[in-house]
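Here is a friendly walk through one structure, with each label set beside its definition.

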Amino acid sequence: MTLVELERALSLARLGSDWVALIAQYFDCHELDFGHGTDNSGDEAYWLLRYLQGWDNAAWERAPDPALIPGLSKIIQRRVAERKPLAYLLGEAWFAGLRFVVDERVLVPRSPLAEIIGRGFEPWCRLRDGDRILDLGTGSGCLAVAAAHYCPGVVVDAVDISAAAIAVARTNVAANNLADRVRVFQSDLFAAVESRYRVIVSNPPYVPDSRLCGMPREYSHEPKLALAGGPKGLSLVGEILAQSPQYLVDDGVLIMEVGEAYEAFTTEYARLPVTWLDFEHGGHGAFVLTRDELTGYLTG
Ligand SMILES: C[S@@+](CC[C@H](N)C(=O)[O-])C[C@H]1O[C@@H](n2cnc3c(N)ncnc32)[C@H](O)[C@@H]1O
């Protein structure tokens, strides 16, 4: 299907669902990768149309406005030619039901940890008012903002080594009216961290160096600092494991995603008694570990 054919078909279609199907069909003709907030062409097409309609439910119920076609075509053309994730083209991403401003300074939010955070970290941790949460490697601030949103009694520190990411995270904290409970600051892992936390949550970079070059082009638009995890993908993961006990309260937990470094992790840390998390909405490679379990391993 060519862009002209798509435009013609859209101008004849009367339902939002028809537009979504047509756009998805166009995406499918161009071998795009869908790993940045959606995992299929239909969801991405829906996202694009709803964005163009201003997320207005009434507009979605009506026949789509043909005046949307030129703008839609421009975005679709760039999506295909540049292989840029849709989130960067729109300047927005959705995570845990919340909207985030994103651009190439930060990873596109997509961690399956959204599910655990949306449940207020239960059953892994029953948070008490005043508990502190640390988001290590905050990027857009998505984990930190979602944690503060779904756990109203807690305060959150969000750190990143990247000054550019910090700026984006601060925008998202302000946009979600959470500046009174989420503090964002620059830190190389724990270097500038002074508190102890009930939960340390982290989605660190974990792509093994050898895999970076072979990834779909979409990933080349993301900061290398957000992806590159060293030879086995475990460089930062190992540091976080080693240092976390010092920054967790006695009944604290570490919740970390290691994604595609899962196999390397299970080999390297075969004796570490982690509990792997199950996700209803997809995703894998994230675990929970209590401070006691971690110190037992590190001192054993
Ligand atoms: C995989 S991204 C995760 C971003 C965000 N938490 C999310 O889930 O979308 C990893 C983040 O860790 C940050 N980072 C990399 N090395 C770091 C370090 N030594 N100390 C702190 N943050 C670091 C990167 O800048 C990046 O924002």
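Predicted model: local features only at pLDDT ≥ 70, side-chain atom pairs only at ≥ 80, totals over all residues.

Q: What makes helix α12 count as lying across strands, and at about what angle to β7 does the helix run?
A: Helix α12 (residues 235-247) lies across β3, β6 (197-202) and β7 (248-257), and runs at about 160° to β7. Contact here requires C-beta atoms, placed from the backbone, within 7 Å. The angle is taken between N-to-C directions, on a scale from 0 to 180 degrees, using lines fitted to C-alpha atoms, for helices over the stretch in contact. Helix α14 (residues 291-299) lies across β7 and β9 (286-290), at about 85° to β9.

Q: What makes β3 and β4 a pair?
A: Strands pair if DSSP finds at least two bridges between them, and strand β3 (residues 132-136) has 5 bridges to β4, in parallel. D135 stands opposite A158 in β4. The element names come from DSSP runs numbered from the N terminus: helices are H or I with at least four residues, strands are E with at least two.

Q: Which way do β4 and β5 run, and what is the hand of the crossover between them?
A: Strand β4 (residues 155-160) and strand β5 (residues 182-186) are parallel and joined by 5 bridges, with V159 opposite F185 in β5. The chain goes from β4 through helix α9 (residues 163-175) to β5, and this β-α-β crossover is right-handed. That term applies if, with the strands pointing away from the viewer, the path from the first strand over the helix to the second runs clockwise.

Q: Why do β5 and β8 stand at the edges of the sheet?
A: The open sheet has 7 strands in the order β5-β4-β3-β6-β7-β9-β8, with mixed pairing. β5 and β8 (275-276) each have a single partner strand, so one side of each is left without a neighbour in the sheet.

Q: In which sense do β1 and β2 pair?
A: Strand β1 (residues 92-95) and strand β2 (residues 98-101) are antiparallel over 4 bridges, and A93 stands opposite F100 in β2. Their hairpin has 2 residues between the strands, and A96 takes a positive phi near 55°.

Q: What makes a residue part of the shell around the ligand, and which come nearest?
A: A residue is near a molecule if its C-beta atom, placed from the backbone, lies within 6 Å of it. Of the 23 residues around the ligand, G137, G139, I161, N203 and A226 come nearest. The elements giving two or more residues to the shell are α8 (142-150), β4 and α11 (224-227).

Q: Where do the bounds of the two domains lie, and how many residues are in contact?
A: The domain assignment, automatic or from a database, gives domain 1 (3-90) and domain 2 (93-299). Their C-alpha centres lie 31 Å apart, and 10 residues of domain 1 are in contact with 13 residues of domain 2.

Q: What is the peptide bond from E122 to P123 called?
A: This bond is cis, with omega near 5°. P123 sits in the loop between α7 (113-118) and β3.

Methods
Residues numbered from 1 in each chain as written.
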